[in-house]
Structures are given as C-alpha cells and as structure tokens.
Amino acid sequence: MPIIGLGTWTLSDDEAENSVYHALQSGMRLIDTARYYGNEVGVGRGLQKAIDEGVVTREDVFITTKIYGGNYERAGGIIDDALKDLNVDYIDLMLIHQPGQDDEGVYKAMEEAVNDGKLHSIGISNYYTKEQVDEVLSFATIIPAVIQNENHLYYQNTDLQEYVRQYGIVIESWYPFGGRGHTSEHFDNEVIRELAEKYGKSSAQIILRWQLQAGFIAIPGSSNPDHIAENYDIFDFELSEEDMQMIRGLDRHERYENW
C-alpha cells in the first residue's frame, strides 16, 4: 500500500475525476473514497482516463473505499455496488466507515468478499481506542490491515499506533492538515513555519513528511492540481530526529470531529 495518496471527501464526481487523474499524473498511486462520499463513479472515471492514456495500469493503483455498518445481508450488495460504481474488478482496501450496527456481520461480509477476490484487504475507520480495536479483533478472522482515523499535529494518538503495531496494523490519517476550517492554523503553526523555512519546503510538505516518518499513511484531500503535485513532492528531504521531536511536542490530544 502506498504511504501517501489523495483523499476525495467533499469532491463531486466531476471534481473527483479530475483530482484522481491529476494525482495519478503526479505520481500518487493511492486513492481514497467512500460510498458515503457519493463520488465513486468520478473516482472510477479518473482512474480509467489515466489507464486509457497509459499513465498507469489498474495494478499500479491502490483504491480504498468504505462501507457503513448495517447488516450482513445488505453488505454483500453494497460491495458489489462499489465495484460497479468504481468500474473495477477488485477493490484494494475496504474499510468499515465507523462503528455502527452489526459491525461483526459487515466485517464478515468483507472477509467473504476477500475470499471471493472482490476485495484484496480490509480494515476499519474511526476506531480510536484499544477497546474498540479489541472488539473487532475478537471476531475478525482476517486482521484489519489499516485503521483510518483523524490524525494531525494536534491529535497524534501514538498510544493507539503503538498498540496496533503488534498486529501489523497501520494507522492512516484523514485530515492530515486538520481539515477544512483548521488548515491555516496548522500551516501557520510557528514550529511548522520555521521548519518550512529551514528545509525550503511548504508547511504542507513539512506536515506530510512528518506523517510519513512517524509511520502514518497520509491522504490529503485537494481538487487543485498544483497542490496535489506539491503534496507528493516530499521524498527529496528528511526531517531530523530533533525536528520530529519538536512536532511530536505539538500534540494536544485534540480532535476536531466526533465520528
């Protein structure tokens, strides 16, 4: 699984198509969407455009989508709908979007879809505590590959990251810049601005580089091709351990969302 990609939350189908296409052109190979976002069709169109132009093959690209809790009987049909809307033969990773009704049944349906070749891997999203993770592990026959959560400068949740490492589970960060309404606060943080000047990079690039070096997968969202390319241009420098420690010190254990 690539360690940085494109998030598509709030994008329309047309915006998602363009963003996915530009992300793949820039070198990104991880695309994140969800049934709830209502833009899987657009994501699929962007992927197909890049394939048709020879930018990528299907196998080059890692597609993640999410399913809401409900019940076992519905879940299989929802997985099939996601495959149809994305216009793909398989989905690389599907997550339960957040804790809900009959998580065990939905997870079991995803496991069956793995066995059927429809999904290659599965995981969970918006599970923030050891107890929540333990509940999933109590019924999972396939250990979640990923937990996708809110993670940023002010909410790093390293305790959970350290706990799930024993299972080989990786934490993926949505809202790596704090999300809409908070981005400027993160970009203008004094420590981040000082490091941006030191390394000759943007605040966004410093934050994403910290995310990757801290062991997270990051999926910043954008519909701006220049910003998408900038977000991917973070592999030509490395933050020192001293600078990493400064960023760890920004943690306030403060989430912006409650789901």
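Analyst: Helices (H or I, at least four residues) and strands (E, at least two) are DSSP runs, numbered from the N terminus. The model is predicted: local features need pLDDT of at least 70, side-chain atom pairs count only at pLDDT 80 or more, and totals for chains, interfaces and linings use all residues. Residues are numbered from 1 along each chain as its sequence is written, and side-chain values use heavy atoms, without hydrogens and water.

Take helix α2. It covers residues 40-52, 13 residues in total. From its first C-alpha to its last, α2 reaches 18 Å. That is close to the 18 Å expected at 1.5 Å a residue (1.5 Å times one less than the number of residues).

Which residues of α2 are buried? They are Glu40, Gly42, Val43, Gly44, Gly46, Leu47 and Ala50. Buried means under 20% relative accessible area, exposed over 50%, and partly exposed in between (1.4 Å probe, protein chains only). After α2 comes Gly54, with a positive phi near 80 degrees.

Now the covering strands. β2 and β3 pair in the parallel sense, over three bridges (strands pair if DSSP finds at least two bridges between them). Asp32 stands opposite Thr64 in β3. Both strands belong to an open sheet of eight, in the order β1-β2-β3-β4-β5-β6-β7-β8, with parallel pairing. Its edge strands are β1 and β8 (217-218), each pairing on one side only.

Back to the backbone. Most residues other than glycine have a negative phi. Thr10 is not a glycine, yet its phi is positive, near 80 degrees. Thr10 counts as partly exposed because its relative accessibility is 41%.

Tyr175 also has a positive phi, about 55 degrees, without being a glycine. The loop between β7 (170-174) and α7 (183-187) holds Tyr175. With a relative accessible area of 14%, Tyr175 is therefore buried.

Asn189 lies between α7 and α8 (190-199). Its relative accessibility is 12%, so Asn189 counts as buried. Setting aside neighbours within four places in sequence, Asn189 is in contact with Tyr154 and Leu250 (contact: heavy atoms within 4.5 Å).
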